[in-house]
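Thanks for making time for this one. I would like to walk through the model slowly, so please keep the sequence and the structure in view while I talk.

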Amino acid sequence: MSPVELRQDSRRVLHGAWNRSRKSTGNRLLFDEKSWTYTYLLADLTSKEAILIDPVLEQAPRDAKLIQELGLKLTYALNTHMHADHITGTGYLKQLLPGTVSVISEASGAKADKHLKDNEVVKFGRFEIKGLSTPGHTNGCMTYLVDEMGIAFTGDTLLIRGCGRTDFQEGDSRTLYKSVHERIFTLPDNYRLFPAHDYKGNMETSVAEEKQYNPRLTKDVDAFVEIMANLNLPYPKMIDKAVPANRECGLYDIPKE
Ligand SMILES: N[C@@H](CCC(=O)N[C@@H](CSS)C(=O)NCC(=O)O)C(=O)O
Ligand SMILES: [Fe+2]
């Protein structure tokens, strides 16, 4: 396949899945209504290899069933970071779909089969996904890029018209600002961005949109730090269970409610 055909084909795969709900496509946006988490399924329909980004423990049976129904093989289950608001589904998915390799950044300090360094890639079929180190919400936050599709998964680093909070784990507002400006806002303007959460019903944004309209990150760094210091958000309800569990890939002896 020529590079042009390859690009057209990857657009067809992606748009077919998320914008036109065509039959027999592999890419899906999945949602966990309890934690408002988006989980992303990406697939190469030729090789049938698929990956999941940010799966949620309680939704692992749903995700595994869908992957089986679509005739896909889950190769990697990736986390953008060590989540504080839900337990990752990566460990459970390894049990449900043997052969799945769990992935997180080396800097996260969490257990996984594979630890990524900055700019390291994993492949699924003919595609590759690259981990960009974007600390600030946590030290180990990664933004995952699929350059061939012009898309990036920003986890909690950059949310739609917002960003991840910086008041727990290893949060640091100046670090987050630098990550977004140096690693995400430097991507091509037309890259489509997909966050780990949205609390207002939005599902995607773009580099150009966030550079123009993000109410926090369009400010200078000192104003940004001030905004972040005054968010006054309640702590995530699950944090005391989720962080220890996620340090163990979601397979920790989770305390009963
Ligand atoms: N209420 C929710 C948690 C909401 C929250 O704190 N979200 C995080 C991302 S999950 S670590 C965040 O960074 N929010 C930023 C913002 O501006 O909302 C719960 O109890 O789980
Ligand atoms: Fe988070």
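Around ligand 1 you will find Ser-35, Ala-84, Asp-85, Asp-156, Gly-162, Gly-164, Arg-165, His-197, Leu-233, Pro-236, Lys-237 and Met-238. If we sort that shell around ligand 1 by class, it holds four nonpolar, four polar and four charged residues. Please keep in mind throughout that this is a predicted model, and that what I quote has been computed from it.

Stepping back to the protein chain, its secondary structure comes to seven helices and 14 strands, and 48% of its 257 residues count as buried. Taking the contacts between residues at least 6 apart in sequence, 60% join residues at least 24 apart.

Now to the sheet. Six strands form an open sheet, in the order β1-β2-β3-β4-β5-β6, with mixed pairing. At its edges are β1, residues 28–32, and β6, residues 114–116, each of which pairs on one side only, and from one strand to the next the twist averages 25°. As a reminder, strands of a sheet pair through backbone hydrogen bonds, in either the parallel or the antiparallel sense. Here β1 and β2 run antiparallel and are joined by five bridges, and within that pairing Phe-31 stands opposite Tyr-38 in β2.

As for Tyr-144, if we leave aside its neighbours within four places in sequence, it is in contact with Ile-53, Leu-78, Thr-80, Ile-129, Lys-130, Gly-131, Ala-152 and Phe-153.

Let me turn to another set of strands. Strand β10, residues 151–155, pairs with strand β13, residues 192–195, in the parallel sense over four bridges, and the bridge partner of Gly-155 is Pro-195 in β13. Strand β13 pairs as well with strand β14, residues 205–206, this time in the antiparallel sense over two bridges, with Leu-193 standing opposite Thr-205 in β14.

Those two residues come back when we look at Glu-210, whose place is in helix α5, residues 207–213. Not counting residues up to four places away in sequence, Glu-210 touches Leu-158, Leu-193, Thr-205 and Leu-217. Is Glu-210 buried or exposed? Glu-210 is buried, because 24 other C-beta atoms lie within 10 Å, where the cut-off for burial is 20 or more. Its C-alpha atom is separated by 34 Å from that of Ser-47, which is 163 residues away along the chain.

I will finish with helix α7, residues 239–247, in which Ala-242, Val-243, Ala-245 and Asn-246 are buried. Just after α7, Cys-249 takes a positive phi of about 65°, and with that I am happy to take questions.

Key
Residues are numbered from 1 along each chain as its sequence is written. Chains are lettered from A and ligands numbered from 1 in the order in which they are written. This is a predicted model: local features need pLDDT of at least 70, side-chain atom pairs count only at pLDDT 80 or more; totals for chains, interfaces and linings use all residues. A residue is near a molecule or strand if its C-beta atom, placed from the backbone, lies within 6 Å of it. Ala, Val, Leu, Ile, Met, Phe, Trp, Tyr, Cys and Pro count as nonpolar, Asp, Glu, Lys and Arg as charged, and the others, Gly among them, as polar. Two residues are in contact if their C-beta atoms, placed from the backbone, lie within 7 Å. A residue is buried if 20 or more other C-beta atoms lie within 10 Å of its own, exposed if 12 or fewer, and partly exposed in between; C-beta atoms are placed from the backbone. Two strands pair if DSSP finds at least two bridges between them. Axes are lines fitted to C-alpha atoms, for helices over the stretch in contact, and angles run from 0 to 180 degrees between N-to-C directions.
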